[in-house]
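Here are my notes on the model. Please read them with the structure open.

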Amino acid sequence: MNFIDGLYLYKKEIIDTPTQTGVIVITQVGPAYKTVLTHDPVADTITAEYKDYQDNLRSDFNGDIIFEFEGEQLVVPASSGVATIDFDIIEPGTYVVKTAMPEVANGEVTINA
């Protein structure tokens, strides 16, 4: 059985051994939340969605999402678990935009222009 405690996902197992029955083992699986980034080349935007480990959008999340590009960070408040930034490409090339949020599985998107 998986459960969330704070920002982390844990797995709880009940194990029977030759000498004990019902030993509870709890292991940390990883971050309970993640950011998923997408690029819209038509609108020239990048969108970050704040999701749980089961890939459900956390529409109750209205905190900050930190975008990172070429060492610079931009803090954007999320609305219903979603934050969007403008990303106008001026020069051809490959660009990587990611999130830099503590205790979250951060996502990234690669843009080939």
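Is Ile26 buried or exposed, or does it fall in between?

1. Ile26 counts as partly exposed because its relative accessibility is 47%. The cut-offs are under 20% relative accessible area for buried, over 50% for exposed, and partly exposed in between, with a 1.4 Å probe and protein chains only. Ile26 sits in strand β3, residues 23-31. Strands are DSSP runs (E, at least two residues), numbered from the N terminus.

2. Please keep the basis in mind. This is a predicted model: local features need pLDDT of at least 70, side-chain atom pairs count only at pLDDT 80 or more, and totals for chains, interfaces and linings use all residues. Residues are numbered from 1 along each chain as its sequence is written, and side-chain values use heavy atoms, leaving out hydrogens and water.

3. Ile26 also belongs to a nonpolar surface patch with Ile14 and Ile24. Together they have about 310 Å² of accessible area, by the Shrake-Rupley method with a 1.4 Å probe, where only the protein chains shown count as cover for residues. Patch residues have over 30% relative accessible area and no salt bridge; nonpolar side chains (Val, Leu, Ile, Met, Phe, Trp, Tyr) are joined within 5 Å, like charges within 9 Å.

4. Now the salt bridges. The whole structure has four, each a side-chain nitrogen of Lys or Arg within 4 Å of a carboxyl oxygen of Asp or Glu. Lys51 takes part in two bridges: with Glu49 at 3.4 Å and with Asp55 at 3.8 Å. Lys51 is buried, at 13% relative accessibility. Glu49 is partly exposed at 26%, and Asp55 is partly exposed at 41%. Shared partners join Lys34, Glu49, Lys51 and Asp55 into one network.

5. Arg58 and Asp60 form a salt bridge with an N to O distance of 2.6 Å. Arg58 counts as partly exposed, at 22% relative accessibility.

6. Check the β6 pairings. Strand β6 (64-69) runs antiparallel to β7 (72-77) over six bridges. Two strands pair if DSSP finds at least two bridges between them. Asp64 has Pro77 as its bridge partner in β7. Two residues separate the strands of this hairpin, and Glu70 in the turn has a positive phi of about 50 degrees. β6 also pairs with β9, antiparallel, over three bridges. There, Phe69 is partnered by Val97.

7. Two loop residues deserve a look. Asp44, between β4 and β5, has phi near 55 degrees. Glu103, between β9 and β10, has phi near 60 degrees. Asp44 is partly exposed at 27%; Glu103 is partly exposed at 42%.

Terms used
Helices (H or I, at least four residues) and strands (E, at least two) are DSSP runs, numbered from the N terminus.
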